[in-house]
Amino acid sequence: MEFEKDVNVKGIPAYRFTPPRSVLASKGENPANKGFCITPEECLGTGVLKVSPCRKGAPVIASFPHFYLGEEKYVAAIKGLSPQREHHQTYLDLNPTTGVIVRANKRAQVNILINRLSGFPKTRGLNDTIFPVMFLNESVVIDDASAERVHKLLMIVSLVSNFPLFIVGLGGIMLLIFITLLIQAHQKKKEVKCIEFSKAMYSTSNEDDTSYSPVSVKDKDDPKNGNYIGMTPKADPQA
């Protein structure tokens, strides 16, 4: 089988695989199929396969229903045949994450090869014809309970696969927060330095411009009131 397309079965994503036309192609269309010719004279056209060796020599021919993917001559030989992809294609729908088959259809047709037989005069008017006897349709689709379990499994797989991305994203957010806090702390430190520098620039007095002296000897030794110090500006030495 070969991949054909993406499909969705009960909300479950799946890949559809189908047998290509080359599977039952003639050796002229697909030289790799020449090994299916029983003899060089018994090679059939595209869309049919002679399985007589598997059925003790019985003239049994296998094909898809209504000769789907077969040559037009086989369809035209039998009135009422109308091959349609929707109703006659064999396919397999497979979820690629879990490997679970969510839907499948196996469709096959059993035919008989009708031709002239030596020793039977009544078969002189027969043309070599592949006559359909019946076709089989074996179909299966996942039930609702199993589909729900697959949904849960896919959710767990998705969370686990995205966990590293979540960690990276969380780390990025924490890094941004750290950088923001670092910038704010740096700005506050600069503001404090500016305030201290401004106070130093605009100060009107300092210790060198002020002299300290006791008010009086009495007050200095007064045990009740403590010591008092009078502050007076220093005299200008150039005055």
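Which residue takes a positive phi in the hairpin of strand 1 and strand 2? With two residues between the strands of that hairpin, Lys10 takes a positive phi near 55°. The model is predicted, so local features need pLDDT of at least 70 and side-chain atom pairs count only at pLDDT 80 or more, while totals for chains, interfaces and linings use all residues. Residues are numbered from 1 along each chain as its sequence is written, and side-chain values use heavy atoms, with hydrogens and water left out.

**Strands and their pairing**

Strands here are DSSP runs of E with at least two residues, numbered from the N terminus, and two strands pair if DSSP finds at least two bridges between them.

| Strands | Bridges | Facing residues |
|---|---|---|
| Strand 1 (residues 2–9) and strand 2 | Seven | Lys5 and Arg16 |
| Strand 2 and strand 5 | Three | Phe17 and Leu92 |
| Strand 4 (residues 60–63) and strand 6 (residues 101–114) | Four | Ser63 and Gln109 |
| Strand 5 (residues 91–94) and strand 6 | Four | Leu94 and Ile101 |
| Strand 6 and strand 7 (residues 129–141) | 12 | Ile114 and Thr129 |

Strand 2, which spans residues 12–18, has a covered face made of Ile12, Ala14, Arg16 and Thr18, whereas Pro13, Tyr15 and Phe17 form its uncovered face. Arg16 of the covered face is the residue that Lys5 stands opposite, and Phe17 of the uncovered face has Leu92 in strand 5 as its bridge partner. A further hairpin is built from strand 5 and strand 6, with six residues between the strands, and there Gly99 takes a positive phi near 80°.

**A loop residue and the cysteines**

Ser52 is found in the loop between strand 3 (48–50) and strand 4. With a relative accessible area of 6%, Ser52 is buried, a term that means under 20%, whereas exposed means over 50% and partly exposed lies in between (1.4 Å probe, protein chains only). Leaving aside its neighbours within four places in sequence, Ser52 is in contact (heavy atoms within 4.5 Å) with Ile38, Gly57, Ala58, Pro59 and Val60.

A search of the whole structure finds one disulfide, defined as a pair of cysteine sulfur atoms within 2.5 Å. This disulfide joins Cys37 to Cys43, with an S to S distance of 1.7 Å. Because the torsion about the S-S bond of Cys37 and Cys43 is about 125°, the disulfide is right-handed. Cys43 counts as partly exposed at 23% relative accessibility, whereas Cys54, at 57% relative accessibility, counts as exposed.
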